[in-house]
Amino acid sequence: MAVIELTKDNFETTINGNDVVIVDFWAPWCGPCRGFAPIFEAASEKHPNIVFAKVNTEVEQDLAGYFQIRSIPTLMVFREQVILYSEAGSLPANALDSLIEQVMGLDMAQVHKDIADQQSQQGEA
């Protein structure tokens, strides 16, 4: 599957409409971003069941601000609308593959339960 471009108009529907979405926040002037692009593209070909998307932080400054992107590239992984990973810096191909394996191996029922437990504890505090 090809990498898609996310904007403020399609970001929410993309995250809500897909099980796993991996987002690369980048900018055209960023050397490490350009270096990571072929790795990201290759991973998208290997994992057609995952949505790979890019956010150009120069164009989509509102999205970058909302997610408090301070350094690029920043990689963010959503599964079932939960942010499971958010880190600045590019990854080598083997580390990206490992991250994808970890995300796909998570028990999301447990993750949702843990989030609900945290939220209920915060409500009691």
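Gln-81 is partly exposed, with a relative accessible area of 42%, where partly exposed denotes a value between the limits for buried (under 20% relative accessible area) and exposed (over 50%), computed with a 1.4 Å probe on protein chains only. The model is a predicted one, in which local features need pLDDT of at least 70 and side-chain atom pairs count only at pLDDT 80 or more, whereas totals for chains, interfaces and linings use all residues. Residues are numbered from 1 along each chain as its sequence is written, and side-chain values use heavy atoms, with hydrogens and water left out.

Gln-81 lies in the loop between strand 4 and strand 5, helices (H or I, at least four residues) and strands (E, at least two) being DSSP runs numbered from the N terminus. The phi angle of Gln-81 is positive, near 65°, in a residue other than glycine. Glu-80, found in the loop between strand 4 and strand 5, likewise has a positive phi, of about 50°, although it is not a glycine, and at 27% relative accessibility Glu-80 counts as partly exposed. A further backbone feature is the cis peptide bond that joins Ile-72 and Pro-73, with omega about -5°; Pro-73 is placed in the loop between helix 3 (61-66) and strand 4.

Gln-81 also belongs to the lining of the largest pocket, together with residues including Phe-11, Asn-16, Tyr-66, Phe-78 and Ile-83. A pocket is here an open set of points, on a 1 Å grid over the protein atoms alone, where a 1.4 Å probe fits and with protein on both sides within 12 Å along at least five of seven lines, and lining residues have an atom within 4 Å of a point. The volume of the largest pocket is about 180 Å³, a volume being the space filled by probe spheres set on grid points that are joined across faces, edges and corners. Helix 1 (11-16) and strand 5 (82-88) each supply at least two lining residues, and helix 1 gives the most, with 4 residues. The lining comprises 7 nonpolar, 2 polar and 1 charged residues, with Ala, Val, Leu, Ile, Met, Phe, Trp, Tyr, Cys and Pro counted as nonpolar, Asp, Glu, Lys and Arg as charged, and the others, Gly among them, as polar.

Within helix 1, Thr-14 counts as buried at 10% relative accessibility. Leaving aside neighbours within four places in sequence, Thr-14 is in contact (heavy atoms within 4.5 Å) with Ile-4, Leu-6, Val-21 and Val-51. Asn-16, also placed in helix 1, is partly exposed, with a relative accessible area of 45%.

The 13 residues of helix 4 (residues 93-105) should span 18 Å at 1.5 Å a residue, which agrees with the 18 Å between its end C-alpha atoms; the expected span is 1.5 Å times one less than the number of residues. In helix 4, Leu-96, Asp-97, Leu-99, Ile-100 and Val-103 are buried. These residues cover an arc of only 160° around the axis, which puts them on the same side of helix 4, the arc being that of the directions from the helix axis to the C-beta atoms. The face turned away from the buried side carries the exposed residues Asn-94, Glu-101, Gln-102 and Gly-105. The cover over the buried residues of helix 4 includes strand 2 (20-26), helix 2 (31-46) and strand 3 (51-56). His-47, in the loop between helix 2 and strand 3, is in contact with Phe-52, Asp-97 and Ile-100, neighbours within four places in sequence being left aside.
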